[in-house]
Amino acid sequence: MDLGTRKILDRSFTAVGITSILLMAAALLVVIVPIFSGGIGAIFFKGTIEHRKLQYNEFGNGDKEVMQRQIEETNAYRSRVFAMLGEFDAELESMEPAESKALRSSYKKVREALAHLFGPLPGDPEPILTRYQYGTTRWEQAEEALHDLMYVSKWDYSDPTQMAKQYFVPRTDDFKGTKLAALFPYMEENLVNMMLPEQTFYWGFITDRSLDSHIFGGIWAEIQGTFFLAVGAMLFAFPLGVTAAIYFTEYAKDNIFTSILRSANSTLAGVPSIVFGLFGLAFFINTIKVSESKSVIAGSLTLAIMILPTIIRAAEEAILAVPKTYKEASLSLGSTKWRTIVTVILPAALPGIITGGIISLGRAAGETAPIIFTAAVSVGATIGLADVFSSPTPALSWNIYNLASEHEAANEIRHVQYGMVLALISIVLLLNLSAILLRARISKKLKG
Amino acid sequence: MAEAPLNSPQKPDAFVMTPERLRRQRIAKFLGEGFLLVVASFVAIVVLFIFYFVAVDAIPFFQQRGFGEFFTSTGWYPADEPGEFGALAIMYGSGMVTIGSALIAVPLGIAAAICLSDVLPFAVRQYAKPVIEMLAAIPSVAYGFFALVIFAPLLQNYGGPLLMWTWWLIAGPFVFLAVIVVSDLVTSGSQSTDTRKTIRWTVTVVFGVIALFFLYYVGRTLNEIQILSGTNALNVSLILSFMALPTIVSVSEDSLQAVGRELREGSYALGATRAETIVKTVLPAASSGILAAVILGIMRAIGETMVVWMASGNSSHIPEPWFNYLDSIRTLTATIAGDMGEADQVTGSARYHVLFAMGLLLLIISFVSNLVSERIVVRQRKVLAGE
């Protein structure tokens, strides 16, 4: 080959390497940026009057007088709508049966959309579920509801080679010449006055309980559950892991027994997380019965087993990184081996050990598969510290799955899902970031 | 450490070793080391327990139904009476996403590892490492959420153009590089410099035009593809490759670092470029370590639950044709996670035990590949140490 070609190959080789690193960074951004921007929307959004009503009634937040005034203001506009509905009802009664039958189904849709916007309409029975007691609390949902009201969606199947296309027909066409025709332009013009959107900073998303399985309210129960599970796992795994690491670094002889133990450690690190879940179910719950059924303690024990190898490895590395001179100095002063370990080696290795612990804590907080069968429930209230031995808990990781794929209204509570993912990622990344910073400080210190 | 006050009152016999004291110290040492040993063996005991308890619940399934159906049938109807428990399609799905993610993650990961260990200056490397760590730290359910809520609709609505752009961006540069190399190889003869230059330009242009047509044709074909469902094997493979990347990069980087400077310097001294040094000298020396990295990375993809559960479509069939990555699939892990909710009620049934059988299968696969990768790493260390 020519020298020129070889040079080109060399350059492109470098380019491929750098591109692959940039691609990894891009992958990270592509995953994180939409989650961050979506997650912010759970806390910072345009809230309607219904949001303030809900906040005041259910959580006691907000200024009552301002709210009362705003409710009156909106009711002034809404009453026109209700009046039109009443007039149309009367008109519908007086129509020919065939004529009114044609209008009824479309009219039902109108009423549904309005009830979705404003909460129960006058004449409707008082709903039991919280989700029907209030209208749309978020402005962008109100706009969607308005679109549903204004247009009928239809599908175009005319071209058999293409997928069906959706198109919209104005709903006014159905009601031409009736008293309801005036409703549609009125709604379009006055929606803002009827909903009064305001930029809202809903801090309560993190600290409130959830209402009607996450249709409204916050995610405190999940955050607390995640905290219990992860901290519980650390309580078991951290002391065990550090002790085992001391054995491996200071006491283990280089023989077959030790290498078996080491193999066991890496085997445990490679076990798929769902198998930990199976094991937790078969052993902790069905065999030794730490609890009747799912419980926080069973989940914590399962997670503890899962993070044990990580903690052992990190602690081993941290202990091995302590300069040999420390140990030799201590031994030469006449202290015993154990004393050397406890008073010299462990304090020097502590930051490194804690770094490993923090990373494992993040891993325990983020794992889902081991807690599916051992600790997680979809809907639940916050549990007290005394309940950890008997009752299961909602947890961020599990509820993200549950809300995104199994919730009956998954599409309407995307903001809650994004908020949960953001909360989980923030917890895990903050833990990791602190571990990275801590490690940078240690390496600086060891360099002197 | 607190400094001991110098004038603290010491007992006069503090450093005298009486036989009684020696004996006590020896017992304490024995007990202490015994305790440490027990704690350290805890991990091994746990591994044994996991194997035992998963196997105990898996064996009844094979006793009831035998091996044939589980490994050869593609019918998965656990809810029926008497039910059919053919896991072949499910295993095929697991294999498919694993291979798919390996196809993406292995080249990318090895290229990134080479770049980290041999190309980038130390200062830049400091910034690349946290990126990899963060990629590893993001919880799997967050990746699953991304795959289901953000990526799947994107793939469904803009699948064709997306595939086409990816094809152009990735295949384009490589195809043109191949054109340059091939025309160099074809025209390397003994003609005079001037004629050779002319011939080479002609050949390059001809090949280039052919390559352009090839790229355009494939791109157009890809552009016309309609993806019916965004939750498919391609989506899952891509996301799983993100998750396998950190493992592959960090383990293969370690193994590349372990290849000493001498080999590299020897190669440079013979006049090789950096690319030639790495491809012909460093990579062969580090190959076994990289293999271990690939095995570990693949293990992450096989054992991953949440992403496949949320974004694979969960339909247990072998895609038609067999390599169709745009079809929905179902994997072992997702089946365990998804079916246990219903099966748990009837503990003791084949429906419950079959999930443990799948768990046992996963466990054995992970155990074997771990052992293999460990062996490989140990052997490489020995070879590089010159033993």
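Analyst: Let's start at the contact, where chain B puts in 73 residues and chain A puts in 77 residues. Keep in mind that this is a predicted model. On the chain B side, the largest share of the residues touching chain A comes from helix H1 (residues 19-65), which supplies 17 residues. As for what that side is made of, 54 of its residues are nonpolar, 13 are polar and six are charged.

Now step back and look at chain B as a whole. You'll find 12 helices and two strands in it. Follow the chain from the N terminus and the elements come in the order α-α-β-β-α-α-α-α-α-α-α-α-α-α.

What about the overall form? Chain B has a radius of gyration of 29 Å, while a compact globule of 387 residues would come in near 21 Å. Along its principal axes, the C-alpha trace of chain B spans about 100 × 70 × 40 Å.

Inside chain B, buried residues account for 40% of the 387 residues. There's also a lot of joining up across the sequence: take the contacts in chain B between residues at least 6 apart in sequence, and 79% of them link residues at least 24 apart.

Finally, a quick glance at the partner. The domain assignment of chain A lists domain 1 (46-200) and domain 2 (220-447). Taken over C-alpha atoms, the centres of domain 1 of chain A and domain 2 of chain A are 50 Å apart.

Notes:
Residues numbered from 1 in each chain as written. Chains lettered and ligands numbered in written order. Predicted model: local features only at pLDDT ≥ 70, side-chain atom pairs only at ≥ 80, totals over all residues. Contact = placed C-beta atoms within 7 Å. Helix = DSSP H or I, 4+ residues; strand = E, 2+ residues; numbered from the N terminus. Nonpolar A, V, L, I, M, F, W, Y, C, P; charged D, E, K, R; others polar. Rg over C-alpha atoms; globule rule 2.2 N^0.38 Å. Buried ≥ 20, exposed ≤ 12 C-beta atoms within 10 Å, placed from the backbone. Domains from an automatic or database assignment.
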